[in-house]
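Q: I would like to learn how to read the features of a model like this one. Please show it to me, and let us begin with a single residue.

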Amino acid sequence: MSFSSCFSHFPLTLKGIKPDGKGQNFALPIRSNGAELCNRRIVRSRVNLSGDWSFIGGSRIVVKPKATRLLHYPKPGGMQASCLIRSQLASTAFTAGTIAVLPFYTLMVLAPKSELTKKSMESSIPYIVLGILYAYLLYLSWTPETVRLIFASKYLLPELPGIAKMFSSELTLASAWIHLLVVDLFAARHVFQDGLKNQIETRHSVSFCLFFCPIGILTHVITKAMTKPA
């Protein structure tokens with residue numbers, strides 16, 4: 001690769017000689033498509049074209065390059081790679097959290113009186129694991145603007161536009177999803193254990209708790225009231 005291929009859109013100063021002997025400067029651009037081949041270094045250079053002119057011999061142009069300055073601009077790839085990694089992490093956490101709670105709901109619905117189900121629902125391990133995952137996602141998604149978006153109103157209360165803007169981040173959305181999974185599973189466990197204690201059917205209520213937790217709690221209250229002994 002020749003050095004001249006690295007020049008792209010750089011000005012030239014043309015210095016010619018008029019018939020009266022005076023010099024005149026002209027600015028011309030040099031175009032080249034070799035800027036990408038120079039390791040993202042932009043070369044700025046100015047040259048003088050001077051010449052002698054006469055009626056007999058015509059004109060002669062001499063190129064005299066001036067000092068050349070090299071400017072290096074870093075490659076803009078770090079931020080894009082970071083955003084891609086954060087997006088992949090949010091997607092992985094979303095999927096892993098959803099899959100992690102499904103076995104517990106399956107046991108409570110298909111085998112509510114099994115000893116394995118009872119022991120599994122008495123364990124605190126799923127809440128600890130999901131709680132750590134939630135805290136990690138919350139740490140990654142937290143920014144100085146988060147507090148301002150949460151307490152957006154003059155009464156230090158959340159506002160819908162601020163919350164919507166905060167959840168535009170995939171990491172924040174993934175952390176909120178893990179938060180919902182933990183709370184829903186905790187509510188479903190309470191419904192399940194209360195049903196075992198009072199001998200109440202809870203499979204329908206537990207199923208609702210997976211995605212519609214308030215409805216699951218409501219159906220359990222209704223079921224308990226309808227089956228309560230006189």
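Q: Is Glu-145 buried, partly exposed or exposed?
A: Start with the cut-offs: buried means under 20% relative accessible area, exposed means over 50%, and partly exposed lies in between (1.4 Å probe, protein chains only). Glu-145 has a relative accessible area of 29%, so it is partly exposed.

Q: What should I know about the source and the numbering?
A: This is a predicted model, in which local features need pLDDT of at least 70 and side-chain atom pairs count only at pLDDT 80 or more, while totals for chains, interfaces and linings use all residues. Residues are numbered from 1 along each chain as its sequence is written, and side-chain values use heavy atoms, with hydrogens and water left out.

Q: How many helices and strands are there in the protein?
A: Helices (H or I, at least four residues) and strands (E, at least two) are DSSP runs, numbered from the N terminus. The protein has 8 helices and 4 strands. Along the sequence the pattern reads β-β-β-β-α-α-α-α-α-α-α-α.

Q: In which helix is Glu-145 found?
A: Glu-145 sits in helix H4.

Q: Which side chain meets that of Glu-145 in a salt bridge of 2.6 Å?
A: The general idea comes first. Side chains of opposite charge can pair when their charged atoms come close. A salt bridge is a side-chain nitrogen of Lys or Arg within 4 Å of a carboxyl oxygen of Asp or Glu. Here the partner is Arg-148, at 2.6 Å from N to O. Glu-145 and Arg-148 are 3 residues apart in helix H4, so about one helical turn separates them.

Q: Which side chain meets that of Glu-145 in a salt bridge of 3.2 Å?
A: That one is Lys-165, with 3.2 Å from N to O. This pair links distant parts of the chain: Glu-145 is in helix H4, Lys-165 is in helix H5, and they are 20 residues apart. Lys-165 counts as partly exposed because its relative accessibility is 47%.

Q: Which side chain meets that of Lys-224 in a salt bridge?
A: Asp-194 does, at 3.4 Å from N to O. Lys-224 lies in helix H8 (residues 213–227) and Asp-194 in helix H6 (residues 170–198), so the pair ties together parts that are 30 residues apart in sequence. Lys-224 is partly exposed at 34% relative accessibility, whereas Asp-194 is buried at 14%.

Q: Which residues do salt bridges with shared partners join into one network?
A: Glu-145, Arg-148 and Lys-165 form that network. The whole structure holds 5 salt bridges.

Q: Which residues make the nonpolar surface patch of about 410 Å²?
A: Patches use residues with over 30% relative accessible area and no salt bridge; like charges are joined within 9 Å, and nonpolar side chains (Val, Leu, Ile, Met, Phe, Trp, Tyr) within 5 Å. Areas come from the Shrake-Rupley method with a 1.4 Å probe, and for residues only the protein chains shown count as cover. In this case the members are Trp-142, Val-147, Phe-151 and Leu-156. Leu-156 lies in the loop between helix H4 (144–150) and helix H5 (160–166). Leu-156 counts as exposed because its relative accessibility is 58%.

Q: Which residues does Ser-205 touch?
A: Contact means heavy atoms within 4.5 Å. Not counting residues up to four places away in sequence, Ser-205 touches Val-191, Gly-216, Thr-219, His-220 and Thr-223. Ser-205 lies in helix H7 (residues 203–211). Its relative accessible area is 0%, so Ser-205 is buried.

Q: Where does Gln-199 lie?
A: Gln-199 is in the loop between H6 and H7. Its phi is near 55°, a positive value in a residue other than glycine. Gln-199 is exposed, at 75% relative accessible area.

Q: Which residues does UniProt list for "transmembrane region"?
A: UniProt positions are given in the numbering used here, feature names are shortened, and annotations may be inferred rather than shown by experiment. The unreviewed entry lists residues 89–112, 124–142, 162–187 and 208–227. In the model, residues 89–112 are 92% helix and 0% strand, with end C-alpha atoms 34 Å apart.
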